[in-house]
Amino acid sequence: MRLSAYFMPTLKENPAEAQIVSHRLMLRSGMIRQQAAGIYAWLPLGYRVLRKIEQIVREEQDAAGAQEILMPTVQPAELWQRSGRYDDYGKEMLRFKDRHEREMLFGPTAEEMVTDICREIRSYRDLPKILYNIQWKFRDEVRPRFGVMRGREFLMKDAYSFDLDKDGARRSYEAMFRAYMRTYARLGMTAIPVKADTGPIGGDMSHEFHILAETGESAIFFDQELEEKSRAGELTVDSMNQYYAAAEEKHDADKCPVPAERLRTMRGIEVGHIFYFGTKYSEPMGAVVQGPNGETIAAEMGSYGIGVSRLVGAIIEASHDERGIIWPEAVAPFKLGLINLKSGDAACDSACEDIYRTLSEQGVEVLYDDRNERAGVKFADMDLIGLPWQLVIGPKGLAAGVVELKNRKSGEKQEVSLEAALARLTA
Ligand code: ATP
Ligand code: MG
């Protein structure tokens, strides 16, 4: 992509309405624009990141055996009347009527709808099933804030498991737990799983996943060893049980089993939440199968959410510096920013065109800054948008046979031959 043609409306000034760094950087780098409180349009740069996150989430759901569906954003109230949640859900639910005076709503989540769909499953032989969708949700939050972190409209991956019995439900839960750990590790993030409320069901089958960042809304307390295991992406529900992790409301300093030198107290951003809830929806809504002896069995269910759009902000909160965003390579909108220090100079232009073509042909995503701007502006914009690598092409370097390759994260700059730079970028 050529920056001269790209729609990337950057801002020089910090937008006054943005209280936290991710919101500021997303607005400044032209990733999103607000359309109403908590409702955002995703511009090209932001949408590329959102799609990359979505794709990693999708691949790990598929690998765990979940099957993708797409449910509508608009739901009939009737479904929620059947589960009994229509009146309980309160003001966060956006309700409206269609032209026939039928009550409708914009889905805040989809337990009811997916349960209704799974009434199609008639025999115990057809279980288990895990279905998921990645779809926009709407919750009329009291205080939408922090940009996409607490929006009213937001993109969520929500999966739902259907099993014959509690053992099966546990296996599905464990498969999802492992998929979550792998997903966050692939995104380049360490997410700490924290046991959450299971309500009347009890047990250890509800976890929230938190990315550590100062601006997180929750305080969490955890064993430092848990962080090390989480980073590797290999935790399971059982191995997790060996480590302590609790949210503020649950943590009791006097009863904490972790020695003080290993206890970490940090703030976290909730980027996922999974739980098992038994037959809460399947029973009232009739998602039942016929068992081996002709008996009627209500499916044991769990649900598994990931805040896909919130993750964009959460990753920035966890990975930035005073100059801008530092994208982990897996979710970066482009891998490389190619900076032409002297657009209009024949040697610089032709070298850049060659590099741009060569790398693009090899599948490297390049954002080529071919604009007629001062070098300082180009450097500042590249640092702001946080691509993992920058390749700087200038007349002096070209004359000496070198280019400059900069790593955005470490800040390390190397003067190398063009061949060496290309080899590094295509490795
Ligand atoms: P929170 O406690 O942050 O309000 P929640 O517990 O209501 O979230 P869940 O119903 O568990 O959220 O939804 C699953 C995931 O969706 C959350 O872990 C979070 O990452 C994301 N999410 C929830 N609400 C929002 C929102 N308003 N904006 C962006 N993402 C959200
Ligand atoms: Mg939650």
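The legends below describe close-up views of a predicted model.

**View 1. The residues around ligand 1.**
The shell around ligand 1 holds 14 residues, and those that come nearest are E141, R150, G151, E270 and R310. By class, this shell is made up of five nonpolar, four polar and five charged residues. Strand 13 gives the most to the shell, with four residues.

**View 2. Polar contacts of ligand 1.**
The side chain of H273 places an N or O atom 3.1 Å from an oxygen atom of the ligand. A backbone N or O atom of G272 lies 3.4 Å from an oxygen atom of ligand 1, and a polar backbone atom of G307 is likewise 3.4 Å from an oxygen atom of ligand 1. Taken alone, the ligand exposes 580 Å², of which the protein buries 81%.

**View 3. The magnesium ion.**
The magnesium ion, ligand 2, is coordinated by E270 through OE and by H273 through ND1, at 2.3 to 2.6 Å.

Side chains of opposite charge can pair when their charged atoms come close. Here the side chains of R58 and E68 meet in a salt bridge, with a distance of 2.7 Å from N to O. R58 lies in helix 2 (residues 44–63) and E68 in strand 3 (residues 67–68), so the pair ties together parts that are ten residues apart in sequence. R58 counts as buried because its relative accessibility is 18%, under the limit of 20%. E68 is partly exposed, with a relative accessible area of 36%.

**View 4. A salt bridge between two loops.**
K250 and D197 form a salt bridge through their side chains, at 3.2 Å from N to O. K250 is in the loop between strand 12 (245–247) and strand 13, while D197 is in the loop between strand 9 (191–195) and strand 10 (206–212); the pair links distant parts of the chain, 53 residues apart. K250 counts as partly exposed at 47% relative accessibility, whereas D197 is exposed, with a relative accessible area of 58%.

The closest N and O atoms of the salt bridge between E225 and R262 are 3.7 Å apart. This pair links distant parts of the chain, 37 residues apart: E225 belongs to helix 6 (residues 224–232), and R262 to the loop between strand 12 and strand 13. E225 is partly exposed at a relative accessible area of 31%, and R262 counts as partly exposed at 29%.

**View 5. A network of salt bridges.**
Salt bridges link D321, E322, R323, D383, K406 and R408 in a network. The count of salt bridges in the model comes to 38.

**View 6. A5 and Y368.**
A5 is found in the segment before helix 1 (21–28). At 61% relative accessibility, A5 counts as exposed. The C-alpha atoms of A5 and Y368 are separated by 9.9 Å, although the two residues are 363 residues apart along the chain.

Methods. Residues are numbered from 1 along each chain as its sequence is written. Chains are lettered from A and ligands numbered from 1 in the order in which they are written. This is a predicted model: local features need pLDDT of at least 70, side-chain atom pairs count only at pLDDT 80 or more; totals for chains, interfaces and linings use all residues. Side-chain values use heavy atoms; hydrogens and water are left out. A residue is near a molecule or strand if one of its heavy atoms lies within 4 Å of it. A polar contact is a pair of N or O atoms within 3.5 Å; within protein, one must be able to donate a hydrogen and the other to accept it, and residues adjacent in sequence count only if both atoms are side-chain atoms. Accessible areas come from the Shrake-Rupley method with a 1.4 Å probe; for residues, only the protein chains shown count as cover. Ala, Val, Leu, Ile, Met, Phe, Trp, Tyr, Cys and Pro count as nonpolar, Asp, Glu, Lys and Arg as charged, and the others, Gly among them, as polar. Donors are N, O and S atoms within 2.8 Å of the metal (3.2 Å for Na, K and Ca); water is not among the atoms, so sites may look incomplete. Buried means under 20% relative accessible area, exposed over 50%, partly exposed in between (1.4 Å probe, protein chains only). A salt bridge is a side-chain nitrogen of Lys or Arg within 4 Å of a carboxyl oxygen of Asp or Glu.
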